[in-house]
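Visitor: I have a structure on my screen and would like to learn how to read it. Could you walk me through it?

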Amino acid sequence: MFFIGLIVPVLLFACTGVLVNPVSDIAWNCLYPITLGGMSMGESKDTVQENIAPLCWCKKGVLPEPGIAVGFWEPALLMDITRTPWCFVGLNGLCLGKKGGGLGMMGFREGKKGFYHVHVYRYPLLYLLDILNNFGCVKKETMDVIYLSECDPLWNDDVLSDLVTTESVVVNTPMAQLSCAADCAATAVGVGLDSLYWCSGCLGSVFPLTGTVMGVGSDVHASALLVHRVLFKLHRMGLLKGTVGKDGLCGPYTMMQMQKKQYKTQMVFPVAQRHACASLGRSDMVWGRGRSFPVKGEDFCYVVWRRRDCCVLSGMGSLRAKGL
């Protein structure tokens, strides 16, 4: 009995994870729709198409250079949602700290409350696989860690976080939260409403920007809410840029207020969504059934897809520079 008492806590907080297989684990149909010069290839209800003119101009050097507007979705980030500090789910369950220490699902099941840590990795899969690189729109990047909640002093302090994000006092009122019903309805048929930025569709409130989740229906629900929450937080911190719409044609731009239409998500662990993505805030009742299980299926890893609109330049500027 003593041996069982020692081993059960280890099993409850074991660090599990995945090394994402680009062939079998990535839902490549999430690349669509791809737009080229005003023409759209492929359809998806998880995106909002902005009316962008087929031709575009970007300044490269002294004079503006003409080009063709191109748009597509790219797997840009990997995100861990874990009960165990320093458990890197997206790195095959690598654990750099002592197992345990999180409330996890034990606290969540008893009090409808949970606490999770989040890790965000830069994941430039299109560049690494040399896909769409010829367009000149795929940024040359390497895989890297860009956010660790264990190093964020605000992540486990709801009160201190509310002092930094002062609007949370206003948007967490009953009246403001009631308006989230409209955002929930929007996510059921497409993408959430950017005007209701404090709402994560049917999943709950974006605030507070911490790892505490309360009053949600399942661990999958909690993990999807935290993906949205962290994306919002990283934009506020200036760590993520805007890449969508007319403003993104000539390169990433500052986007302190995240636009929901820029992202969609795909769970890759513990049970991968291999054929579909979900817009931010979409109810897990639609896509989350059977995607978690006890012990080894209560930590999560997501691929975050980002919309990129860009201007594929004609090269006329370089010809003019050479006098041709």
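This is a predicted model: local features need pLDDT of at least 70, side-chain atom pairs count only at pLDDT 80 or more; totals for chains, interfaces and linings use all residues.

Visitor: How many helices and strands does the protein have?

Guide: Helices (H or I, at least four residues) and strands (E, at least two) are DSSP runs, numbered from the N terminus. Here there are 10 helices and 13 strands.

Visitor: What percentage of the residues count as buried?

Guide: Buried means under 20% relative accessible area, exposed means over 50%, and partly exposed lies in between, using a 1.4 Å probe and protein chains only. Of the 324 residues, 52% count as buried. Contacts (heavy atoms within 4.5 Å) tell you about the fold too. Among contacts between residues at least 6 apart in sequence, 69% join residues at least 24 apart.

Visitor: Now a helix, please. Which residues of α7 are buried?

Guide: The general idea comes first: an α-helix has 3.6 residues a turn, so residues three or four places apart point the same way. In α7, which spans residues 180-189, the buried ones are C180, D183, A186 and T187. They line one face of the helix, because seen down the axis of α7 they fall within an arc of 110°. That arc is taken from the directions from the helix axis to the C-beta atoms.

Visitor: What do the buried residues of α7 pack against?

Guide: Their partners are α6 (174-178) and β12 (278-279). The face turned away from the buried side carries the exposed residues A181 and V189.

Visitor: Is V189 buried or exposed?

Guide: V189 has a relative accessible area of 65%, so this residue counts as exposed. The C-alpha atom of V189 is separated by 9.0 Å from that of R282, 93 residues apart along the chain.

Visitor: And where is S200 found?

Guide: Look in the loop between α7 and β10 (212-214). S200 is buried, with a relative accessible area of 0%. Leaving aside neighbours within four places in sequence, S200 is in contact with D183, V206, L225, H228 and G281. D183 is one of the buried residues of α7.

Visitor: Which residues have the most contacts inside the largest nonpolar core?

Guide: A nonpolar core is a set of buried Ala, Val, Leu, Ile, Met, Phe, Trp, Tyr and Cys residues joined through side-chain atoms within 4.5 Å. The largest one has 43 residues, and M79, I81, W198, L231 and Y302 have the most contacts inside it. Two or more residues come from each of β4 (64-82), β8 (117-122), α8 (219-236), β11 (263-269) and β13 (300-313). Helix α8 gives the most, with 10 residues. Not counting residues up to four places away in sequence, M79 touches a list of residues including V118, V120, L231 and Y302. A second, separate core of 28 residues includes C30, F72, V138 and C277.

Visitor: What is the volume of the largest pocket?

Guide: Rolling a probe the size of a water molecule over the atoms shows where empty space is left. On a 1 Å grid over the protein atoms alone, a pocket is an open set of points where a 1.4 Å probe fits, with protein on both sides within 12 Å along at least five of seven lines; lining residues have an atom within 4 Å of a point. Grid points are joined across faces, edges and corners, and a volume is the space filled by probe spheres set on the points. The largest pocket here has a volume of about 340 Å³. Its lining has 18 residues, of which G136, C137, L249, C310 and C311 lie nearest the centre. Strand β13 gives the most to this lining, with 6 residues.

Visitor: Which peptide bonds are cis?

Guide: Most residues other than glycine have a negative phi, and most peptide bonds are trans. A cis bond joins F207 and P208, with omega about 0°, and another joins F269 and P270, with omega about 10°. As for phi, N92 has a positive value near 65°, and V295 has one near 70°.

Key
Residues are numbered from 1 along each chain as its sequence is written. Side-chain values use heavy atoms; hydrogens and water are left out.
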